[in-house]
Amino acid sequence: MRIGRVIDNLWADNKVEQLYACRFHVVQPVNSNMEPYSRPLIAADPQNIAGMGDTVIYVTSADASQAFDSGVAPVNASVVALVDSID
């Protein structure tokens, strides 16, 4: 799991069936001090929980597909939770 901040949204006109109700966000990876590092990435939001400016937890690789109710989706990153605070 990694921390990121939603910096933009992405819309797709054509999606595979597993992604019809799913939103996509541009996520900037951040460290525990909320400082950006690395390049932004596109993350699916299967539960539609995140919005612009939100700090999120995202997963990549096979874990990203498992974030979907079906357990299968053609994605490389998925938002799995919102971050309330970092102590």
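Strand 1 (residues 2-10) and strand 2 run antiparallel and pair over six bridges; strands pair if DSSP finds at least two bridges between them. Strands are DSSP runs (E, at least two residues), numbered from the N terminus. This is a predicted model: local features need pLDDT of at least 70, side-chain atom pairs count only at pLDDT 80 or more, and totals for chains, interfaces and linings use all residues. Residues are numbered from 1 along each chain as its sequence is written, and side-chain values use heavy atoms, leaving out hydrogens and water.

Q: Over how many bridges do strand 2 and strand 3 pair?
A: Strand 3 covers residues 41-45. One link joins V27 to its bridge partner in strand 3, L41.

Q: Why does H25 count as buried?
A: H25 lies in strand 2. Buried means under 20% relative accessible area, exposed over 50%, partly exposed in between (1.4 Å probe, protein chains only). H25 counts as buried because its relative accessibility is 1%.

Q: With which side chain does the side chain of H25 make a polar contact at 2.8 Å?
A: A polar contact is a pair of N or O atoms within 3.5 Å; within protein, one must be able to donate a hydrogen and the other to accept it, and residues adjacent in sequence count only if both atoms are side-chain atoms. The H25 side chain makes such a contact with the side chain of D45 at 3.0 Å. At 2.8 Å, the partner is N9.

Note on methods
Helices (H or I, at least four residues) and strands (E, at least two) are DSSP runs, numbered from the N terminus.
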